[in-house]
Amino acid sequence: MFDVDTLAQRWDLPLPGKGGARVRSGAAAVETAAHSLARASLDCCVKCTICETMCPVMEVTELFPGPKFVGPQAERFRNGESVDHSIDYCSSCGTCTRVCPQGVKVAELNNQARAVMRAQHGQVPVRDRLITQTTLMGKVMTPIAPLANAALANKPVRVLMEKTVGVHRDAPMPHAQPMSLAEWLRRRAKRAHTLVPAGSRGPIVFFHGCAGGYFEVETSKRAIEVLEHIGYEVIVPKQGCCGLAAQSNGLYGQASASVVRLCEQLVAAGKDLTIVSSSGSCAGMLKHEAHEIMGVDAEALADVSPRTVELSEFLRDLDDAGELPHHFRRIEATVAYHAPCQLKGQNMGMPAIELMELVPGFHVVESGRACCGIAGTYGLKREKYEVAQAVGKPLFDVVREVNPNLAVCDTETCRWQIEQSSGVKTVHPIWVLHAAYGLSRLAGIEPKPERRP
């Protein structure tokens, strides 16, 4: 009989590229996970339970016994074998690692243990393999964007998806765009007038991520236009997936190969150039997850990682150096801002707030909530959807209360989750700066300019 799961196992294979030979399958990555530096940190755990009091998942469900229990505590008994399948309910938000006073790599341990468990027991369902194919989804959906969006908005279709694939009928879905970023770049005419002479600050590489290439095209466009407006030559190389979705679903082989191939593409774009990313989660994969969680040891990653910077962090650092132009229009608004877990894990503070509050009249209310619940692909899954909604509910309430027309968040799936669950349009911080520089109007806040006769 045709076995879909057996066929799907083949997807955990390397992509073309020099790094492929080093990650021929998930086995090497899983072996690394079982003997990592994160595992060495577990003996620093003093069972203070701070991680458990701060865990957003443990707070809303009894299905997850907490990061300490499935992490440092269970790790002492694993000896290479999985001892508790409840670890699959960890959302990998990273809160536990950030709050640990002893420096235990709790989130990293949990992520690795889940990958080992799935590799040992073959517990990666077809759904979890399908939802990691983000670039493929973009390529398939873009040419038929209206049809794809209509299908994903159709209730009977979504019910069928839930029953057959396991993606919850109410989970947020990406919105297909009629034109990819690559197509826009080919067709566009660059602005004749920029605030700082075009290209005078030299070249930088723009890393947009899968979503920024196909689903969040407008965010990528605005990021490029702002960077050009303040004087940079923006190089946008051909680029594939960073592998984050595969990594979070335990497909370490696929993820390792993807990230190495991506790094090779970014290296080819220009030696020693700063790499700026509008996707905070994808930037985090290059800066942290690939090496610290999966143990990827590749020359291209070692090259790319230290020169990758998230977009708001890049602009904030420019401002700190006195090099960011402050020629902003006044925008009267107060909006809620949520810093995603992936961004917090990079220990950069909240540069988006600092940037947006440079705009006259613009005020930002930080959400104060740990997580929106989506955790990349976690909140899409039928069995985890209700948990994700419970985790995010306090955030959704704050967003609606502060401004029912607009909210701001740095990463794509978090924006989709907030917008779907709160009903409030949610945008990347670069939308605010794009509008403040007079390059657009801020949707939901400002009326569209009247057309001249």
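Arginine 316 counts as buried, at 12% relative accessibility. It's one stop on this quick tour of a predicted model, which also takes in an open sheet of 4 strands and a total of 24 salt bridges. Here's the rundown, topic by topic.

**Arginine 316 and its surroundings**

- You'll find arginine 316 in helix α19, which covers residues 311-320.
- Once neighbours within four places in sequence are set aside, arginine 316 is in contact with Met348, Pro351, Glu354 and Leu355.
- With a relative accessibility of 12%, below the 20% cut-off, this arginine falls in the buried class.

**The sheet**

- The 4 strands line up in the order β6-β5-β7-β8, the pairing is parallel, and the sheet is open.
- β6 and β8 (426-427) sit at the edges with a single partner strand each, so one side of each has no neighbour in the sheet.
- Strand β5 (residues 333-338) is largely enclosed by the rest of the structure, because 5 of its 6 residues are buried.
- On one side, β5 pairs with strand β6 (residues 362-366) over 5 bridges in the parallel sense, and alanine 336 has valine 365 in β6 as its bridge partner.
- β5 also pairs with strand β7 (residues 407-409), again parallel, over 3 bridges; here tyrosine 337 stands opposite valine 408 in β7.
- β7 and β8 run parallel and are joined by 2 bridges, with alanine 407 opposite threonine 426 in β8.
- As a rule, side chains in a regular strand alternate between the two faces of the sheet.

**Helix α7**

- Helix α7 takes in residues 106-121, and its 16 residues should span 22 Å at 1.5 Å a residue; the end C-alpha atoms are 22 Å apart, so the two values agree.
- Of those 16 residues, 13 are buried, so α7 is largely enclosed by the rest of the structure.

**Salt bridges**

- Side chains of opposite charge can pair when their charged atoms come close.
- Lysine 381 and aspartate 128 meet through their side chains in a salt bridge, at 3.4 Å from N to O.
- That pair links distant parts of the chain, 253 residues apart: lysine 381 is in the loop between β6 and α22, and aspartate 128 is in helix α8 (residues 126-130).
- Both lysine 381 and aspartate 128 are buried.
- Lysine 381 and aspartate 128 also belong to a salt-bridge network that links Asp88, Arg127, Asp128, Lys381, Glu383 and Lys384.
- Arginine 188 and glutamate 228 form another salt bridge, at 2.6 Å from N to O.
- Arginine 188 is in the loop between α12 (181-187) and β1 (203-207), while glutamate 228 is in helix α14 (residues 217-229), so this pair ties together parts 40 residues apart in sequence.
- Glutamate 228 counts as buried, at 9% relative accessibility.
- Aspartate 397 and arginine 400 form a salt bridge too, with their closest N and O atoms 2.8 Å apart.
- Aspartate 397 and arginine 400 both lie in helix α22, 3 residues apart, or about one turn of the helix.
- Aspartate 397 is partly exposed at 30% relative accessibility, and arginine 400 is partly exposed at 35%.

**Out on the surface**

- Leu136, Val140, Ile144 and Leu147 make a nonpolar surface patch of about 380 Å².
- Leucine 147, one of that group, sits in helix α10 (residues 145-152) and is exposed, with a relative accessible area of 60%.
- Glycine 423 is in the loop between α23 (412-422) and β8, and its 61% relative accessibility makes it exposed.
- Not counting residues up to four places away in sequence, glycine 423 touches Pro404 and Ile418.

- Most residues other than glycine have a negative phi, and most peptide bonds are trans.
- Aspartate 272 isn't a glycine, but has a positive phi of about 70 degrees.
- Aspartate 272 is in the loop between α16 (252-268) and β3 (275-277), and is exposed with a relative accessible area of 61%.
- Alanine 375 isn't a glycine either, and its phi is positive at about 50 degrees.
- Alanine 375 is in the loop between β6 and α22 (385-402) and counts as partly exposed, at 21% relative accessibility.

Notes. Residues numbered from 1 in each chain as written. Predicted model: local features only at pLDDT ≥ 70, side-chain atom pairs only at ≥ 80, totals over all residues. Heavy atoms only, no water. Patch = residues over 30% accessible without salt bridge, like charges linked within 9 Å, V, L, I, M, F, W, Y side chains within 5 Å. Areas by Shrake-Rupley, 256 points an atom, 1.4 Å probe, with all protein chains shown as cover. Salt bridge = Lys/Arg side-chain N within 4 Å of Asp/Glu carboxyl O. Buried < 20%, exposed > 50% of the residue type's maximum accessible area, 1.4 Å probe, protein only. Pairing = 2+ DSSP bridges. Expected span 1.5 Å × (residues − 1). Contact = heavy atoms within 4.5 Å.
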